[in-house]
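This briefing is meant to be read beside the sequence and the coordinates.

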Amino acid sequence: ESTSGMGAGCDISQVVIDIQTGKSVFPYISMYKYLKIQQFMENSLEIHAWLRDEDSPVVARLSQLISALTNLTMETAEEIQIANYGIGGYQSPHVDSYHKWENPAYFRKVGNRIATWMTYMSDVEWGGATVFPLFGGYITPKKGSTLFWYNLHASGEVDYRTLHAACPVLIGNKWVANKWIHEYGQEFRRRCSLDPMA
């Protein structure tokens, strides 16, 4: 699903960085203090930071907006991840859910990533599309547009059809805001099923 226009007071791109000047405009923290470079050999090349709801009223409003539009609680959701893909920045095909054995203590606490909310915070001059190869489709980054999808079937099994990748940025910069919503707390918001493919 795709949504355009984040609503009043929810332009997360203005919280983090001025796209035109490249300078941090976040009033409460220094963006660079929280940056973490992710370079996984052949998997991805990106820089990202995490923002909590209490860091800014805009971040809190965005979480409220996500909850209202998806009808999912944010109680066990992760902090918002701000990711930047510069020239050559990409991410190999992957699913956003994870296996129970990757982090069993965390998994028991909040469950798997039931859904993904991804907002494009910038346009990209060339490249940077999000590709869903098993569906044969792609989405070109457009500032203010949002993608939302469920990572799990209603049974709780991983939906491998959500395999996706970030194509390399060829010209420009790609900024995205990701919110991963977890299973626990959604029991009365998304009906479960015994059918593993439902």
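**Helix α3 and its surroundings**

Asn71, whose phi is positive, near 60°, follows α3, helices here being DSSP runs of H or I with at least four residues, strands being runs of E with at least two, and both being numbered from the N terminus. The model is predicted, so that local features need pLDDT of at least 70 and side-chain atom pairs count only at pLDDT 80 or more, while totals for chains, interfaces and linings use all residues. Residues are numbered from 1 along each chain as its sequence is written, and side-chain values use heavy atoms, with hydrogens and water left out.

*Helix α3*
- Helix α3 (residues 57-70) has 14 residues and reaches 20 Å from its first C-alpha to its last, close to the 20 Å expected at 1.5 Å a residue, a span taken as 1.5 Å times one less than the number of residues.

*Whole chain*
- The chain has four helices and 13 strands, and buried residues make up 45% of its 198 residues.

*Strand β7*
- Trp126 is found in strand β7 (residues 126-127), and Trp126 counts as exposed because its relative accessibility is 53%.

Terms used. Buried < 20%, exposed > 50% of the residue type's maximum accessible area, 1.4 Å probe, protein only.
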